[in-house]
Amino acid sequence: MLPFLLDNSEALEQYHQAELASFDGVAWSMNHLRWMQGSPEMVNFCAFAGNQLIGNTSTWRITDERSATESVFVIPEWQKQGVARSMICTALEHLKQQGKSIATLGTHGNNQKAIRLYTQIGYELYGFILTIGYAID
C-alpha cells in the first residue's frame, strides 16, 4: 500500500462513494474533499480490491514532530479483514520515515470497534476534546 493521490475527479468520486458507504451515507462534501486534498501536507493511504477503492486513512502535518491520522474507513463488505489495520500501519511507517515522533487520531462518540483497533495497534490516550450539547426543545 503506497500513498495515493486523489488528484482527479474520478479518484475523488471513488473516494467519496466509499466514504458514503462506510459511514451510513455521511461524508464530506466534494468541495471539502477537494479543499482537503489540495494541501501538500495531506497524504492518503487507500486500499483497493482490483480497481475499487475499499478503504482509506489520511495523514496530515500538525508540527514537525506530530501528524494527525484521520478519515479511517473501510466499506462494509471489507470490514473485519485487516484492511484498516494495514492502512494505519502503512501510514505510521510513512510518518516514521518522515521523522515524525507522535501520530494522533480520534474517533467520534463511543466507537468501540475503532477504539479497540487503535489501542491494539498501540495508540494510547494522548488527550481529549470534550464536546457538549444542549437539546433545544
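# Close-up views of a predicted model

**View 1. Residues around the second largest pocket.** Helix 2 makes the greatest contribution to the lining of the second largest pocket, supplying three residues. The structure shown here and in the other views is a predicted model. The volume of this second largest pocket is about 160 Å³, and the residues that line the pocket are W28, H32, W35, M36, S39, E41, M42, W60, R61 and E70. Both helix 2 (30-37) and strand 3 (52-61) provide at least two residues of this lining.

View 2. Which residues of helix 2 are buried? They are M30, L33, M36 and Q37, and because these residues cover an arc of only 125° around the axis, they lie on the same side of helix 2. N31 and W35, by contrast, are exposed on the other side of helix 2. The buried residues of helix 2 pack against helix 1 (9-22), strand 2 and strand 4 (66-74).

View 3. In general, the strands of a sheet pair through backbone hydrogen bonds, and they can do so in a parallel or an antiparallel way.

**View 4. Strand 2 and its two partners.** Strand 2 (residues 43-49) is largely enclosed by the rest of the structure, because five of its seven residues are buried. Strand 1 (residues 3-4) pairs with strand 2 in the antiparallel sense over two bridges, and here F4 stands opposite N44 of strand 2. Strand 2 and strand 3 also run antiparallel, and they are joined by seven bridges. Within this pairing, C46 has N56 of strand 3 as its bridge partner, while A47 stands opposite G55 in strand 3. Strand 2 and strand 3 together form a hairpin, with two residues between them, and G50 in the turn has a positive phi of about 65°.

View 5. S71 is not a glycine, yet its phi is positive, at about 55°; the residue is found in strand 4. Is S71 buried or exposed? With a relative accessibility of 13%, S71 counts as buried, because the cut-off for a buried residue is under 20% relative accessible area. K80 is likewise not a glycine and has a positive phi of about 65°, but K80 belongs to the loop between strand 4 and helix 3 (83-97). At 79% relative accessibility, K80 counts as exposed, because exposed residues are those over 50%.

**View 6. G82 and L117.** G82 is placed in the loop between strand 4 and helix 3, and G82 is partly exposed, with a relative accessible area of 41%. How many residues apart in sequence are G82 and L117? They are 35 residues apart in sequence, and in space they are 9.8 Å apart, from C-alpha to C-alpha.

Terms used:
Residues are numbered from 1 along each chain as its sequence is written. This is a predicted model: local features need pLDDT of at least 70, side-chain atom pairs count only at pLDDT 80 or more; totals for chains, interfaces and linings use all residues. Side-chain values use heavy atoms; hydrogens and water are left out. On a 1 Å grid over the protein atoms alone, a cavity is a set of points where a 1.4 Å probe fits but cannot get out, and a pocket is an open set with protein on both sides within 12 Å along at least five of seven lines; lining residues have an atom within 4 Å of a point. Grid points are joined across faces, edges and corners, and a volume is the space filled by probe spheres set on the points. Helices (H or I, at least four residues) and strands (E, at least two) are DSSP runs, numbered from the N terminus. Buried means under 20% relative accessible area, exposed over 50%, partly exposed in between (1.4 Å probe, protein chains only). Two strands pair if DSSP finds at least two bridges between them. The arc is that of the directions from the helix axis to the C-beta atoms. Contact means heavy atoms within 4.5 Å.
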